[in-house]
Amino acid sequence: LTMKTTNENIFLVLDKTCEGKKKVSWEQIVEAVKESGMVIKNWMKVRNVLQWFINHQRLTRTSDLRVEEYIIS
């Protein structure tokens, strides 16, 4: 199963990854994107979608700088 690498598909994977959780980590996001079958040549594309979630108050970075985790709003 291969999913086309589009902003829309990345958005759907991120949205599904956050579903029912209080927190999500960058590692969980990476794992979910890889499991979707998308081939990511540039992870900034995923980070750009992640930034959309942050800008729209759907995710907030935790204050713990040792781990990259986000609180789901």
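One cut-off before we start: a residue counts as buried when its relative accessible area is under 20%, and as exposed when that figure is over 50%. Keep in mind, too, that this is a predicted model.

**Stop 1: W26.** Select W26, which sits in helix α2. Is it buried or exposed? Its relative accessibility is 12%, so W26 counts as buried. Now show what is around it: leaving aside residues up to four places away in sequence, W26 touches W43, V46, R47, L50 and E68. Pick L50 from that set and draw a C-alpha to C-alpha distance: W26 and L50 are 9.5 Å apart in space, though 24 residues apart in sequence.

**Stop 2: the rest of α2.** The spacing has a simple background: an α-helix has 3.6 residues a turn, so residues three or four places apart point the same way.

**Stop 3: α1 against α2.** Show both helices. Their axes are 10 Å apart and the packing angle is about 125°, so α1 and α2 are oblique to each other. The crossing is right-handed. For the contact itself, select V13, L14 and T17 on α1, then Q28, I29, A32 and V33 on α2. By class, this contact has 5 nonpolar residues, 2 polar and no charged.

**Stop 4: α1 against α3.** Keep α1 and bring in α3. Here the angle is about 60°, with the axes 10 Å apart, which makes α1 oblique to α3. This crossing is right-handed. Which residues make the contact? On α1, select N7, I10, F11, L14 and D15; on α3, select K45, V46, V49, L50, W52 and F53. Sorted by class, the contact of α1 with α3 has 8 nonpolar residues, 1 polar and 2 charged.

**Last look.** Go back to V46 and L50: they belong to the α3 side of that contact, and W26 touches both of them.

How values were computed: Residues numbered from 1 in each chain as written. Predicted model: local features only at pLDDT ≥ 70, side-chain atom pairs only at ≥ 80, totals over all residues. Heavy atoms only, no water. Axes fitted to C-alpha atoms, helices over the stretch in contact; angles between N-to-C directions. Helix = DSSP H or I, 4+ residues; strand = E, 2+ residues; numbered from the N terminus. Parallel < 35°, antiparallel > 145°, perpendicular 65-115°, else oblique. Left-handed = near helix turned anticlockwise from the far one by under 90°. Contact = heavy atoms within 4.5 Å. Nonpolar A, V, L, I, M, F, W, Y, C, P; charged D, E, K, R; others polar. Buried < 20%, exposed > 50% of the residue type's maximum accessible area, 1.4 Å probe, protein only.
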